[in-house]
Amino acid sequence: MRCLPIVICLLLATLPSVASGDSGLRLKLAQVRMAGTPLDPRPGALAELAREIALRTSIAVDPVRTLVALEGDAIHRHPLLFLPVEEPLEVPAPEALAVLGAWIHRGGTLVIDFAGDPGQVEELLASVSSLVAAVLPGTRLERLGAGSILYRTFYRLRSPSGRIQLFPELYGATLGDRLAVVVSLNDLLGALDRRRDGEWRFRVVPGGERQRERAIRLGVNLVCYVLCLDYKNEKVHLEYLRSRRNWRLEPEPGGGP
Amino acid sequence: MTGVAFALPPSSPAGLAVIGAGVFLLVLSAVRFYRLGLRGRLAPLLGVRLLATGALVLLILGPETRSERRVDAPLAAGNVTPRIPPVEGRRLDGYLPPATRWSPVAPPSADRVRIRSAAPPLLALFKNRDRVRVELFADLQGPRRVELVLYDLSGTGGRKELRRRAASLEAGRADLAVELPFVPDRLGEMLLGVRLVCPSGVECEDDGAVVQVQVVRESLRILHVAGHPSWDLRFLREHLKGRPSYEVVSFYVLANQENFQPLPPDEVALIPFPTDELFLEELPGFDLLVIQDFPLGSYFLLRKEHLESIASFVRDGGGLLMLGGGAAFSRGGVRGTPVAEILPVDLPPPPTYRADGDGEPDEFRPVLTAQGVAHPLMRLGLPELPTLTGWNELGTPRAGARTLLTAPGNAPLLVVGDAGAGRVAVLGTDSLWSWAFPEGSGTASIRGYEALMDHLVQWLTRDPAFDALRIRPAEEPGRAGEALPVRLCIQGAAEAAGLPLHWGGRWSGLEAASPGDAAGEARTGDDGCATVSLPAVGAGAWQVTATGVLDGRAVGGEALLPVHPDRRTEAARRGARVRAALPQPFMPLLPPPPVIRRVLPDTVPLTWTVSEPLWHNPVVLLLVVFLLALDWTLRRRFGML
C-alpha cells in the first residue's frame, strides 16, 4: 500500500494532458509593500514560487508576480499577499490599518517573511504582535506547532525552512478557523529568489539545495493552504494518512489550524 | 292526584316501630278478649279493634296526597329587553326565563380536563426522536386517568396514530405536562394532531390541538469535487463550511498527471482519488454534488460508469451544481457524456473559455434575464450585479431550462433545470469569488454571493420555499368550521397571469378516521396568484397540491395547511357549563336578538306539585273518628274499660 501513490504517479505520467487550469482565472502571487519596508528585497522569489507551483501542482498560476501597495484598493484583488521585511515593522497609518483589517476580514492572508538580522527576531515578533492586535482585536500571534496544517497541505514537512534554518517554528494569527497572518523567520523568499540569468540569488545555509527544496515545498504548502484552507484536516485524509501511511499527526495545541 | 306519601315513611325505623306497636296492641287485645270469655264475639271485636288501631297508626304515619298543578302564566314585564317584541303564537314548552329556572336538581359535573397548550419542537431532525409537550388543565373531584393520542396528519391516507399515552390526574385543580414522543419520518413540514380522550364522568373541554413541525436533516450532505485549487474553490469552501447545517465532504485534485512528481509516500500528503468509493458507493448518501472546474469527461480516473452514476444520482432526486473554469464543461470533455444529458444546456462542440489565450480574461457585468428577475433564486438584494471575469460558453438552453443570468452577447451564464426527480444548475464562470472578496468598502456583493450560494443549495435540494408554485393560506391559518381561503402563486415566471391551475386537497381530520377530498380549477391573476377556497371542515390538516403548465413545462407545488380546533374562551367555557347544568334547553343570558325573537313566548307554563295531609279530607277524618268511637263503645259495653 505504501507504493500506491507512486503507482498513481506513473499512471499520471503516462496519460495525455488535460486542461486543468492552463486557462481560466489564474492565481497571481502578489507582494505588498508597507511604509518602512524595503522596496523589493526578493525580486525574483515569487516568480520562482509561481513556476514551482505550476510544475508541481494542478494550480493554475500566473508566472508574473504583482507588486501592490498597502494603501489603495489594489490589495483587494489578491487574497494572498507576501510581505518581505528586514526590520521590525512600523505601525502603519490608521488608514492603512483600516484597509489591512478589512482585507483580512474578507478573507485575505498575509505572509510576513523576515529576511533581516536574526538577532532582531524578538523585536520583529513584537511588532507583528502589535500589528495583529491592531487589525484583529482579541487575536494573538502564536507559535504554530509541528501539527500545524501548513506542514501537510501538499508536502509533508517537519519544520520551516528558508535561506537560513535558525528558527524551528512558524508563527501565525487565526481569524475564525483560518490562518490570517503567517510569519516565517528563516527568509523563505530568500531561498526562492532567482536572478534573471537563472542563478539563485543567495546561498542556502546550512543545508544547501536540500534545504532550498524544503523551502520551496513550504512555499507550495502555504499557497495550497490559502486556496484549500482546512481541506487536509478532513476526516478521510487524516484517517488515510494515519492508517495507510502510519503518519503520527500531532494535534495542534489549542485546536488551531 | 299523582300519589300518596307519608310524613313518616312506613319503611323507616320509626315507621316500623309505630306499626309494630299497633300489632302488639292488637295481640294484647286478643289475649284479653280470650281471658274474659268473649270467644263468641271475638271476631267482630277484633275487627273493630284492628280498624281502630290501623287508623291510629295511620294517624301517626301522616299520609299525604300529592297532585301536580299547571297554569299558563303571562310573562312578567322586565324579564327581557323591551326592544325585542314578543312573537305571536310562538311558544316553546319548557321555556322559562333564567331567573326562574335555576335549580339545584342537577348540579354540574366538576370533573373536567382540557388541553391548555401543545408545543412542538421548533425544528425536528429527520429520523431523530423528538416530542410534543402537551399541557393539561384538570379540575377533578377525585383521581382520574385520561388518554392523549398523537396523530400524524401529514399523510394522504387520513390520520395515523403515532403515540397513545395515559395520564394520571390527581384530585383538585392542577396543571400537568405530558410529553408525547415521535420520530419524524418525512422531511419538510409535518402536521401533528393531539387528541384528549376522557373517561365517562369527566368532561373534555378543548380536547384537540394541531401543531406544525419543521423536519430537517441533521445536516445537508454536500460532496464538493474540484479539478484544481483556485480562489473560486476557496471562497465556496469557506462559505459551505461556514454553514453549520451543511456537512461538506471534499475532494480536490491537487496534482495532475503532467506535474505529479513521484515521491516517497512519506514526503507528500496527497491521497488517491477514491473515485469508485465516491461515485459508485457513497454518492446516493449525498443531497448535492458540486463539481467545480473539473474535467469530468477527460479525467483519467473517471470511467463511464462513474459518469452514469452521477447522472442516475441526479435523476433519482439529487442536486448537481456545475461551476465553470478552464477545465469545466466542454473544455473538460463533458459534452457527449452521460452527465451532459442531464444538463439544462446543450454544450457547444468547441471547448471554449471566453477571452483565454489573449492575456487577461475580459471583465463583464452579468445581466439578469426576465426569467431571472422573477425567479426566487435570484433574490439577492443587490441593486446591481457586480462584475465577473471570464466565462464558459454553455451553449443553448434546453426546453424547460431557465436562463437566469447572461454574459456578453446574451450568452447563458447561469441556467437551471430539472433532470428526472433532481435539479441541475450550471454557472459558467470561475470568478464568482470576486463577489465574496470585493474591492472598495462596500459589502453588498459579499451578501449577494452568500445569498446566491445559499439559494442555489436550497433550490437544488428542493427546499419548498423555492417551489415554482407556492401554496399558502390567504390570510390566517385555518379554523375548524370555517372555509379556508388559499393562495396559489407562481414563482419564477415573468408572465404568469391567466395561467390555469388544477388543485386538489385531501383533509385528514383529528377526529375523523377517513380523509376528505376537495378539488377544483383556478386561473392566476395579474399578480401570478389565484385564490381558492377549501371547504369548512373539522380540526385537522389539508394536504393541498396544485399543478399547471408554464412555458411548456409542468410546474407544481404542495403544502400542508393546518386547520386548528376552535378553542373556546374561558367565558364560553363557563357558559357551556351553565347550559349543561340546566335540565332543559336554556336561553343564553345574552342571546343574539334573532334567536330571542324566535323563542320568545307571551305566556309560560308553570307547573308545581301540591301535597295535602290525608286528614284534610273530612270523610277520612269522620271515618277515623267513628272507628275510634265504636272501639271505645264496644270495649266499654264488654267491661274492658
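Me: How many residues does helix α2 of chain B have, and what span does it reach?
Reply: This is a predicted model. In it, α2 (residues 42-61) of chain B has 20 residues. From first C-alpha to last, α2 reaches 28 Å, close to the 28 Å expected at 1.5 Å a residue.

Me: Which residues of α2(B) are buried?
Reply: Eight names to note here: B:Leu45, B:Val48, B:Arg49, B:Ala52, B:Thr53, B:Ala55, B:Val57 and B:Leu61.

Me: And what follows α2(B)?
Reply: B:Gly62 does. Its phi is positive, near 70°.

Me: Switching to sheets. What is the strand order in the one with β4 of chain B?
Reply: The order is β4-β11-β9-β6-β7 in chain B. That is an open sheet of 5 strands, with mixed pairing.

Me: Which strands are at its edges?
Reply: β4 (123-125) and β7 (160-169) of chain B. Each pairs on one side only. From one strand to the next, the twist averages 30°.

Me: Parallel or antiparallel for β6 and β9 of chain B?
Reply: Antiparallel, over 6 bridges. β6 covers residues 144-152 and β9 covers residues 188-197.

Me: What stands opposite B:Glu147?
Reply: B:Val197, in β9(B).

Me: Now the sheet with β25 of chain B. What order there?
Reply: β25-β31-β30-β27-β28, all in chain B. This one is an open sheet of 5 strands, and the pairing is mixed.

Me: Why is one side of β25 and of β28 in chain B left without a neighbour in the sheet?
Reply: Both stand at the edges, β25 at 478-479 and β28 at 516-523. Each has a single partner strand, so one side of each has no neighbour in the sheet.

Me: How does β25(B) run relative to β31 of chain B?
Reply: They run parallel, joined by 2 bridges. β31 spans residues 553-564. B:Arg479 has B:His564 in β31(B) as its bridge partner.

Me: On to the interface. How much area do chain B and chain A bury?
Reply: About 5,400 Å² between them. Carbon and sulfur atoms account for 59% of it.

Me: Which residues in chain B lose the most area to chain A?
Reply: B:Trp231, B:Gln257 and B:Phe437. Together they make up 14% of what that side buries.

Me: How many residues does the contact take from each chain?
Reply: Chain B gives 58 residues and chain A gives 63 residues.

Me: How many salt bridges across the interface of chain B and chain A?
Reply: The rule finds 7. As for a named pair, the side chains of B:Glu439 and A:Arg77 form a salt bridge at 2.6 Å, N to O.

Terms used
Residues numbered from 1 in each chain as written. Chains lettered and ligands numbered in written order. Predicted model: local features only at pLDDT ≥ 70, side-chain atom pairs only at ≥ 80, totals over all residues. Heavy atoms only, no water. Pairing = 2+ DSSP bridges. Helix = DSSP H or I, 4+ residues; strand = E, 2+ residues; numbered from the N terminus. Axes fitted to C-alpha atoms, helices over the stretch in contact; angles between N-to-C directions. Expected span 1.5 Å × (residues − 1). Buried < 20%, exposed > 50% of the residue type's maximum accessible area, 1.4 Å probe, protein only. Contact = heavy atoms within 4.5 Å. Buried area = accessible area lost by both parts, 1.4 Å probe. Salt bridge = Lys/Arg side-chain N within 4 Å of Asp/Glu carboxyl O.
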